[in-house]
Structure formats: C-alpha cells, structure tokens
Amino acid sequence: MKNLENKVVVLTGAASGIGRATALAFAKQGARLHLVDIDGPGLEPVLAEVGSTATAHVVDCSQSDAMLRLAADVYDEDGRTDVLINNAGVCCGGPVEKISLEDWRWITAVNYWGVVNGVHAFVPRMIEQGGGHIVNTASMAGLVGLPYVAPYCATKFAVVGLSEALSVELAFHDIHVTVICPGAVRTGVMQNARLALPGEWRDRLISGLDKRAADPDKIARKILNAVKRRRSFVIIGGEMRPLWMLRSLSVGLYQSVARYFTTRALRKSGQRP
Ligand SMILES: NC(=O)c1ccc[n+]([C@@H]2O[C@H](COP(=O)([O-])OP(=O)(O)OC[C@H]3O[C@@H](n4cnc5c(N)ncnc54)[C@H](O)[C@@H]3O)[C@@H](O)[C@H]2O)c1
C-alpha cells in the first residue's frame, strides 16, 4: 500500500509509546486514523497532536464485544479499514513460581486475546471489502525464550505464530499480515509492568533496558515501511538479534548459552551460590 493518503487505519495502544509514534507517522502520510486505547485521558494529547483526521475510541482490546463494537463504529463512520494495527500490550514477569494466575490471565487477555479479538472483529469485513493489511506487534521475546518474562514470551510467541499462519492464509483474500518484533524500546511498558521482582531488581532491569532501548519513532518508521512494502516479518532486534540467530541455528545451543549467562548474572548479584 504505497500511498496512505485517506487510508483508514485502526491502531490499538495508541495512547503511548510505539502506538503514539505510529499514529503520528501515519498521520503525516495523510491517513485517516482511529486511535484505540483503554486509557481515555492518555488518548487526548495524541488526538490533539494527530489533528482532525482522527477519531478516538476508549476500548479494552481484551474484550471481544468491545472490539466488535469498535469495528462496527469504524465501518459506520468510514465504510472500510485499510490497515489494522494490533499494537496494545502489557508486560508481566518475575520468577515463574511467584507469578499469580491473575497476572497470567491479564497478560494473555491483552497481548494474545487482544490480537485475536482484532482479527476476529475486522477480518470478515476486510475479506468482504476485498483486502487490507494487518500489523501485529510482537517482540524479540516472541522469537527467543527469555528468563523471568515467561508470560510475556508465551504471549508474544503466540502472536508470532498467529501472524505467520494468517500471513499465508489471508494472502488469498489480498490481506497482508506483518508481525513486528522489536527489542527494547523506550516506552511506558516497563513502568506499567507487573513484575514479581524485588524493588532493587526491578529498578535495575528497567534502567538496564532503558539504556539499550530504541526510540519508538524508529519502530513507527519500520511499521510504516512494512505496510508500504508489504513486509511480513520485521525484526528490529538491535543487541538481541544475535540471540535469535543463535536460536535459529540450534535451540539447544541457545538454551545452554542463555542458562550460562543467567546463572552468571544470578551469582554476581548474590542470588545463587
Ligand atoms: N517497549 C518495549 O521494549 C517493547 C519491545 C517489544 C515489543 N513491545 C510491544 O509494543 C507494544 C506497544 O507497547 P509500548 O512499548 O509502546 O508500551 P506502552 O505502555 O507505552 O503502550 C501500550 C499501550 O497499550 C495500552 N493498553 C494496555 N492494555 C490495553 C487494553 N486492554 N486495551 C487497549 N489498550 C491497552 C496502554 O494504555 C498503552 O497506551 C506492546 O504490544 C508491547 O508488548 C514493546
């Protein structure tokens, strides 16, 4: 989809981070935006930045009824959806024995069911209109299993698998599917994360990730490019790319290396003898 002028774009998680940057990038191209987020007050400044070409929708993407209503509203208003970006997401982690089932359900509801609900609500209409493009935001944590973020990895692996399957299946309807796999990005995701970690560990993790993190504008540019060039698989891995390459070569070797470095880090911090 080379020209995005007046194209109808629905974007979840638009109030912050990658979603906000993506909204601004698509608005610059003249797209007609539907900004979706559970955080109503957070959507207001983004709506003001994007301008009159956008409509805000306060929607919890984990709720299938709410997503069906969203699709109905978008089609009532604009009659079509050219691009659906399932981007809303949350993070949850810590030692697996400390993570509550409530937190497992929360992250699965947003990160996995949020994407499924988007697909379920929009794909039948996209088929009927004769095509479109779906972008799902996964993560490098959807390509390599990382310790202490098992729930996050589980949901993002699911999004990668779902996207790959749909990329093949929906091509026959002229619907293109992209999965985006960024490494660390400087956004609000870690501040809002449910991490079953001691305070000091939590702070160290957040500041460590922040130092290596990419700017959300960079991810937004990649999303825009993926839609324009119909890319199906986009890795913006930075320092995590070698891990993915190692895992692609040998899962066993990757796991041995990951175990070695995790044990070393735990020993260094006095958590293991
Ligand atoms: N920040 C990173 O390091 C990083 C790396 C890889 C992938 N990602 C993914 O990028 C996506 C965007 O995250 P971000 O980093 O911009 O974080 P963010 O916290 O800045 O933005 C996420 C947005 O999603 C919204 N949201 C949360 N739950 C929702 C729900 N139930 N319904 C609707 N909206 C909801 C939040 O209100 C927020 O505005 C997520 O899927 C995240 O997993 C982030």
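Is P41 buried or exposed? P41 is exposed, because 9 other C-beta atoms lie within 10 Å. The cut-offs are these: 20 or more other C-beta atoms within 10 Å of a residue's own make it buried, 12 or fewer make it exposed, and anything in between is partly exposed, with C-beta atoms placed from the backbone. P41 sits in helix α2, residues 40–50.

Some ground rules before I go on. This is a predicted model, where local features need pLDDT of at least 70, side-chain atom pairs count only at pLDDT 80 or more, and totals for chains, interfaces and linings use all residues. Numbering starts from 1 along each chain, as its sequence is written. Helices (H or I, at least four residues) and strands (E, at least two) are DSSP runs, numbered from the N terminus.

Now the sheet. It is open and has seven strands, in the order β3-β2-β1-β4-β6-β7-β9, with parallel pairing. Pairing here requires that DSSP finds at least two bridges between two strands. At the edges are β3 (54–58) and β9 (233–236), and each of them pairs on one side only. On average, neighbouring strands are turned by 15° against each other, direction ignored. For that angle, axes are lines fitted to C-alpha atoms, for helices over the stretch in contact, and angles run from 0 to 180 degrees between N-to-C directions.

Let me stay with β6. It covers residues 132–137 and pairs with β7, residues 175–182, in the parallel sense over six bridges. With β4, residues 83–86, β6 also runs parallel, joined by four bridges. V135 shows both links. Opposite V135 stands I85, and in β7 its bridge partner is T178.

How many of the six residues of β6 are buried? Six of the six are, so β6 is largely enclosed by the rest of the structure. In a regular strand, side chains alternate between the two faces of the sheet. Both faces of β6 are covered: G132, I134 and N136 are buried on one side, and H133, V135 and T137 on the other.

Next, the helices. First α1. Its twelve residues should span 16 Å at 1.5 Å a residue, and its end C-alpha atoms are 17 Å apart, which agrees. The expected span is 1.5 Å times one less than the number of residues. Ten of the twelve residues of α1 are buried, so this helix is largely enclosed by the rest of the structure. Among the buried ones are G17, R20, T22 and F26. After α1 comes G30, with a positive phi near 85°.

Then α4. This helix has 29 residues and reaches 40 Å from its first C-alpha to its last, close to the 42 Å expected. It carries a kink of about 40°, centred on W113. That bend is the angle between axes fitted to the seven residues ending at a residue and the seven starting there. The buried residues of α4 include I107, V110, N111, G114 and M126. Just after α4, G130 takes a positive phi of about 100°.

On to the ligand. It is surrounded by 29 residues, and the closest are G13, S16, G17, G89 and T187. A residue counts as near if its C-beta atom, placed from the backbone, lies within 6 Å. Both α1 (17–28) and α4 (101–129) supply at least two residues of this shell. The largest share, three residues, comes from α1. By class, the shell has eleven nonpolar, 15 polar and three charged residues. Ala, Val, Leu, Ile, Met, Phe, Trp, Tyr, Cys and Pro count as nonpolar, Asp, Glu, Lys and Arg as charged, and the others, Gly among them, as polar.

N6 is not a glycine, yet has a positive phi of about 65°. It lies in the segment before β1 (8–12). Why does N6 count as exposed? Because N6 has 12 C-beta neighbours inside 10 Å. D174, also a residue other than glycine, has a positive phi near 60°. It is found in the loop between α5 (150–169) and β7. D174 is partly exposed, because 13 other C-beta atoms lie within 10 Å.
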